[in-house]
Amino acid sequence: MVDIDRGLAGQSIADIRLGLKAGDFSAREIAADLLARIERFKLFNAFAFVDEVGALAQADAVDAARKRGEVAGPLAGIPVSVKDLLNTKGMRTAFGSKLFVDNVPAVDSACVAQIRDAGANIYGKTTTPEFGHKVLTDSPLHGRTANPWSLRHSCGGSSGGAATAVALGLGPIAITTDGAGSSRIPAGVCGVYGLKPTLGRVPNYPTSDSFNLMVYNGILARCPDDLGHGLAAMSQPHPGDPWSRHFPPLTTFAPEPSIAGKRFLLIRRYSNTHLDAEVEAALVDGARKLEAAGAIIEEFDGSGFDWQLDVARRLLRVNQASRYQTVLRERRADLDPSFVRVVEEANQIDIVTVGGDMLARTQLFQRVEALFERADYLLTPTTSTTALPIEQNQYGPLVIDGKPVGSLRDEWYPYTIPYNLTGHPALSMPNGLHSNGLPIGLHAVGRWGDEMGLINVARIMDRATAASQMTPPALLGEKLS
């Protein structure tokens, strides 16, 4: 049955599969609906590039193959967008930068190739800040991307376009990247599901640094099951990614998810002194819902735990600087000023400090592993408040009630950062609406390789909250503001 608000393209993967099989609609009708909806919601600026001709041609190929009786791939006819940081064969990949406005890769990134091989209709690239360097989605090339719940608010970043697209029904899943929360933060503030897999679960190739990865290829979806369908399609080992080789296979999710007896550590604060009262109440309420499903909840004070946020910042910065020093020297005027600041900041970090940070990364992994001796999952807010104003500056403070409370890293999104260092899988799920009308995110972290366990947690929460049915005002025909 078609979801009236989200159209054909915004249905779940399971519903699209059933509709195609029953002949209720064709792959071309899905693609045509999708393209019309992209135009309808153009004001949100979710896309860096849309391949209209290619989307229809791919859909026609699926329909023709079905008429011939050929066995379709698991994602045949499913519209899938790809973040503008991942290579797409024959489709412009600009990395949100004026420097790459004419870049058309000859090959796909490994995870994109796997999704394509599963039959997905790769139709467009979602917006991102330049080189994905910040948690707000704006760039000199594409401008600002708005939150699907409010044009006056940011969609987060750096996978902001992906989150906006999924929330507006522009395909059931979107392929993303996550360097410090870049999949989970936009998911949290846009009211969708966002997964950062375990290090190595999804191949990262090509990449400039295979052995010190902090950036993961992830996935966003409106429905928890679709995270699993998408992840299964893009998690085959790749010889170019040493972390992905011989990775344990994914287990399928059970028809009836269960968390009976599973232990959760509920953590209210990390480095942040501020936590919005409604966000905290939603966290506690989410824990109670899990408890009602059989989980065991224990509180843990995270404020005294060293989450190594500065270590993550420095390691990201030196990696970015090593890749973009020449770009900065030759094309400075064309770059986002906040990206220039990122690279210049790295030039002030000495090599001994970096060496110590690499050791600290291992130590953090070991200490987080110790937490998992006490629990199966960690449970936190995704961000300490809801979406920020669309004019928010990356280097500006988080402002609450007119008062600056600290940096965004320390005060708004400390919850997502540590697991890019440790490699643990983590998932943001919708957890109701704030009185300001914006979504609240709930963040769960699991043991290495337990993506399906996290998805089961999300499935149980979705049954309790009906979060996958939350509908942004724009889908109800309300006036955009």
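Reader: How much space lies in the largest cavity?

Author: About 60 Å³ of space lies there, where a volume is the space filled by probe spheres set on grid points joined across faces, edges and corners. The model is predicted: local features need pLDDT of at least 70, side-chain atom pairs count only at pLDDT 80 or more, and totals for chains, interfaces and linings use all residues. Residues are numbered from 1 along each chain as its sequence is written, and side-chain values use heavy atoms, with hydrogens and water left out.

Reader: What makes a space a cavity and not a pocket?

Author: On a 1 Å grid over the protein atoms alone, a cavity is a set of points where a 1.4 Å probe fits but cannot get out, whereas a pocket is an open set with protein on both sides within 12 Å along at least five of seven lines. The structure holds three cavities of 30 Å³ or more. The second largest pocket contains about 290 Å³ of space.

Reader: What makes a residue part of a lining, and which ones line the largest cavity?

Author: A lining residue has an atom within 4 Å of a point. For the largest cavity, the lining includes Pro197, Arg201, Tyr216 and Asp241. Its classes are six nonpolar, four polar and two charged residues. Ala, Val, Leu, Ile, Met, Phe, Trp, Tyr, Cys and Pro count as nonpolar, Asp, Glu, Lys and Arg as charged, and the others, Gly among them, as polar. The second largest pocket has 16 lining residues, divided into seven nonpolar, seven polar and two charged.

Reader: Why is cysteine 155 called buried?

Author: Buried means under 20% relative accessible area, exposed over 50%, and partly exposed in between (1.4 Å probe, protein chains only). Cysteine 155 has 0%, so it is buried. Cysteine 111 is also at 0% and therefore counts as buried.

Reader: What makes a set of residues a nonpolar core?

Author: Its members are buried Ala, Val, Leu, Ile, Met, Phe, Trp, Tyr and Cys residues joined through side-chain atoms within 4.5 Å. The largest such core has 74 residues, and Ile115 and Leu170 are among those that touch the most other members. Helix α14 (residues 451–465) provides the largest share, seven residues.

Reader: How do you know that helix α5 is mostly covered?

Author: Eight of the eight residues of α5 (residues 160–167) are buried. Helices (H or I, at least four residues) and strands (E, at least two) are DSSP runs, numbered from the N terminus. The buried residues of α5 pack against several elements, including β1 (47–50) and α6 (184–190), where contact means heavy atoms within 4.5 Å.

Reader: Is asparagine 45 buried or exposed?

Author: Its relative accessible area is 18%, so asparagine 45 is buried.
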